[in-house]
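Hi there,

Here is the structure I promised to hand over.

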Amino acid sequence: MADVARLAGVSHQTVSRVLNGHPNVKAETQQRVQAAIEELGYRRNSSARALVTRRTQVIGAVAFDTTLYGPAQTLAGIEHAARADGYFLSVVTLQTITRQAVREAMDYLAQQSVEGYIVIAPHRTVVEGLADQPADRPVVAVEGGHAPDLPVVTVDQAGGACLVTRHLLGLGHRTVHHISGPRDWLEAEGRVSGWRATLEEAGAPVPDVLRGDWRPRSGYELGRELARDPDVTAVFVGNDQMALGTLRAFAEAGVRVPEDVSVAGFDDIPEAEFLTPPLTTVSQDFSEVGRRSIGLLLDLLRRPADAAAAAPVHHVVPARLVPRASTANRRS
């Protein structure tokens with residue numbers, strides 16, 4: 001930093017102000033400092049900075065099954081938001097979901113001197129494991145349902161399911177069948193509850209839930225089962241990857257989409273608009289989830305140590321229906 005100051009013709013303190021985004025530095029001075037930084041290839045020594053400020057600028061993240069679109073995009077949204085606020089993300093991906101695994105992941109991250117934790121908690125087991133959270137670092141749960149004792153940021157899963165179910169009923173379908181995600185996933189529970197509540201509110205029959213595992217294969221196998229039932233005219237599939245398998249099963253059985261059966265998914269994966277036919281689905285704003293998660297954690301980090309504990313904040317991010325050609329008016 002002294003070399004940068006010498007080359008730019010400013011003081012060490014001015015370089016520090018520029019690096020920390022201080023507003024009271026002239027634009028011309030900022031430009032000289034930035035030019036010197038680029039010429040010298042200066043990079044901050046994060047370890048030295050941490051010794052001085054007692055801040056590491058590192059956030060710990062605990063994630064699970066990032067091979068699935070939703071968890072992967074949630075983690076990406078958090079990482080982008082952290083970087084925008086000048087923080088790095090240290091990630092542990094769990095292979096098994098147990099309370100002990102969650103605790104071990106957080107202990108490992110604590111050894112990296114993280115300032116706080118963001119835990120992508122789509123499983124009830126993960127939320128329960130957070131009851132043992134370290135008291136010295138704040139924790140934000142993402143997709144943690146309505147965990148009463150934790151700050152939570154979640155997409156409105158039930159609201160998204162209501163949107164797509166109402167859409168299908170509005171097309172004249174007597175009822176809507178549902179292929180859901182696994183029982184222990186909070187997102188799957190939210191989507192089931194929104195679907196069921198919408199059917200009950202409309203006075204429509206509520207078919208049995210068919211349980212998948214988020215993968216295309218399970219959507220395919222359950223789709224084959226639905227294809228044998230001539231009374232099925234509308235299907236809400238719990239995610240787009242399972243919907244892909246369902247479309248394949250209907251095509252093999254000679255069931256036309258949307259002429260015979262309307263099919264809708266959830267997630268709005270990039271491929272959804274290019275499927276045959278393009279898939280009606282529900283879009284989740286993963287970038288907004290990331291921004292709210294990081295913002296909430298940083299608010300907790302900036303709270304004075306002697307401040308009274310406030311009630312945990314719960315942020316709910318709205319979902320959005322994306323109608324496409326896989327759903328259509330029911331034919332008589």
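Aspartate 267 lies in the loop between β9 (262–264) and β10 (281–283); helices (H or I, at least four residues) and strands (E, at least two) are DSSP runs, numbered from the N terminus. This aspartate 267 has a positive phi of about 130° although it is not a glycine. With a relative accessibility of 7%, aspartate 267 counts as buried, where buried means under 20% relative accessible area, exposed over 50% and partly exposed in between (1.4 Å probe, protein chains only).

Before you go further, please note that this is a predicted model, in which local features need pLDDT of at least 70, side-chain atom pairs count only at pLDDT 80 or more, and totals for chains, interfaces and linings use all residues. Residues are numbered from 1 along each chain as its sequence is written, and side-chain values use heavy atoms, with hydrogens and water left out.

The loop between β9 and β10 also holds proline 277. The peptide bond that leads from threonine 276 into proline 277 is cis, with omega near -5°.

Another cis peptide bond runs from valine 257 to proline 258, and its omega is near 10°. You will find proline 258 in the loop between α11 (240–252) and β9.

Finally, have a look at serine 113, in the loop between α6 (99–111) and β3 (117–120). Its phi is positive, near 60°, and serine 113 is not a glycine. Serine 113 is partly exposed, at 36% relative accessible area.

For context, most residues other than glycine have a negative phi, and most peptide bonds are trans.

Best wishes
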